[in-house]
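Q: I have a structure open and would like to learn how to read it. Where do we begin?

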Amino acid sequence: MTTRVLTGITPSGTPHLGNYVGAIRPAIAASRAQGIESFFFLADLHSLIKAQEPARTQRSTLEIAASWLACGLDPEQVWFYRQSDIPETNELMWFLTVVASKGILNRAHAYKAAIDKNEAEGLDPDAGVSAGLFMYPVLMAADILIFKANRVPVGRDQIQHIEMARDFGQRFNHVYGKEYFPLPEVVIDEQVATLAGLDGRKMSKSYSNTIPLFAPRETLKKLVFSILTDSRAPGEPKDTEGSALFQMYQAFATPEQTAGFAKAFAEGISWGDAKQQLFERIDAELSPLRERYEALMAEPEKIEALLRRRGQQLREQYAVPLLKELRHAVGLRDLADVPRAAAAELARSAPPVFKQYREKDGRFYFKLTDGEGTLLVQSTGFDSPRDAGQLIAVLKQAEQGDALQSDLFTLEAEVAAVLAALATLRDAG
Ligand code: TRP
């Protein structure tokens, strides 16, 4: 089976060199590997959480789509689509919402940060916090699970979201008794460089130190020449270590070219010459991309048609059949089927129950019966109802897949019997 790799891109702003080196270029390179099915999508529904300016949303979506295509993403080799073109995602999101625990969402970093900030400022904790921000991880889980993705490459800030997607998927599988979703693995690329910006800090929109990826040649040159350097004069040896300029050169050069540049540093190249070389190097890589980008931006209707076509194919091939299956799984079914199927299934699917009681010998017992009342397991006697209750609680947890508490292993035989009975029931159901 091929591995499915899914990458979500939130369209916001125009991409800069840091995005290109750190995310776009490595992701496109990885998409060319054999034996994988790649999914790349524009997370336009997610973008609405932050930006509620329609014209900007539209513009960003177009720019980001054109950027990835210009950088070499092959839309016939990978699935390239727009989140909002797969309406089944929203329906799946609801199915996940009803099994997702609110407590987990309370702990999501982005939501928690907003709450903490409000509290620190003495405001109502929920001030200005939308339910969209709160539900962000559930929508993201739906993006991933709808295509049964196996691997999800993300930045560190997104690891928690992938863990949540696993949790929601697992809960759904558990509640509805079948492995509908494989659990996605997070992929963190340790190698990926973060590029330094014009001022030497990490290149980031929030520091206003970026170089736009498709800046016209003249602008690119001006920006490269504005990179912060130390004040060493021409002829003085320069440090490559900690030099934003050197690091940027390295991100666009072969190892041989980089070695040559390091040598020039040691030999005291002037900052002006170094900047000129860096500019030429970046421009050599980017100028064909810039040309493609401009051509794509001149024909937005082509991008629109491409995204629609791929989205439609994905729906037909995956999303619509999956939702059909899931609707049935959760019980959104043809009502005409009820008389025939329901009775048998109800009996089968009624959950097993634990019953606690006290015998004439004064001791406390429990038994496990299936949905129809058939006795499955009978416990031995306990001294207190609390002891019996605790074991039941642990068994219920164990059944959910949590580890058994070790101090209860004295009751090993009982535990094993209950778990075996539950497993048999589950397999039959
Ligand atoms: N939240 C991701 C980000 O900001 C974008 C995203 C949305 C995503 N849905 C996804 C990433 C699903 C991976 C999988 O970077």
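A: Begin with pairing. Two strands pair if DSSP finds at least two bridges between them. Keep in mind that this is a predicted model.

Q: How many bridges join β6 to strand β7?
A: There are 6 bridges between β6 and β7 (residues 364–369), and the two strands run antiparallel.

Q: Which residues face each other across that pair?
A: Take two examples. Val353 has Thr369 of β7 as its bridge partner. Tyr357 stands opposite Tyr365 in β7.

Q: What happens in the hairpin of β6 and β7?
A: The hairpin has 5 residues between the strands. One of its residues, Gly362, takes a positive phi near 85 degrees.

Q: In what order do the strands of the open sheet lie?
A: The order is β6-β7-β8, 3 strands with antiparallel pairing. β6 (353–358) and β8 (375–378) are at the edges; each has a single partner strand, so one side of each lacks a neighbour in the sheet. From one strand to the next, the twist averages 25 degrees.

Q: And the side chains in a strand?
A: Here is the general idea. In a regular strand, side chains alternate between the two faces of the sheet.

Q: Which residues make the contact of α1 with α12?
A: From α1 come Leu17, Tyr20 and Arg25; from α12 come Ile282, Glu285, Leu286 and Leu289. By class, this contact of α1 with α12 has 5 nonpolar, no polar and 2 charged residues.

Q: At what angle do α4 and α7 pack?
A: Helix α4 (residues 88–97) and helix α7 (residues 131–145) pack at about 120 degrees, with axes 8 Å apart. These two helices are therefore oblique to each other. The crossing of α4 and α7 is right-handed.

Q: Which residues of α4 and α7 touch?
A: α4 gives Thr89, Leu92, Met93, Leu96 and Thr97. α7 gives Met135, Val138, Leu139, Ala141, Ala142, Asp143 and Leu145. By class, the contact of α4 with α7 has 9 nonpolar, 2 polar and 1 charged residues.

How values were computed:
Residues numbered from 1 in each chain as written. Predicted model: local features only at pLDDT ≥ 70, side-chain atom pairs only at ≥ 80, totals over all residues. Heavy atoms only, no water. Axes fitted to C-alpha atoms, helices over the stretch in contact; angles between N-to-C directions. Helix = DSSP H or I, 4+ residues; strand = E, 2+ residues; numbered from the N terminus. Parallel < 35°, antiparallel > 145°, perpendicular 65-115°, else oblique. Left-handed = near helix turned anticlockwise from the far one by under 90°. Contact = heavy atoms within 4.5 Å. Nonpolar A, V, L, I, M, F, W, Y, C, P; charged D, E, K, R; others polar.
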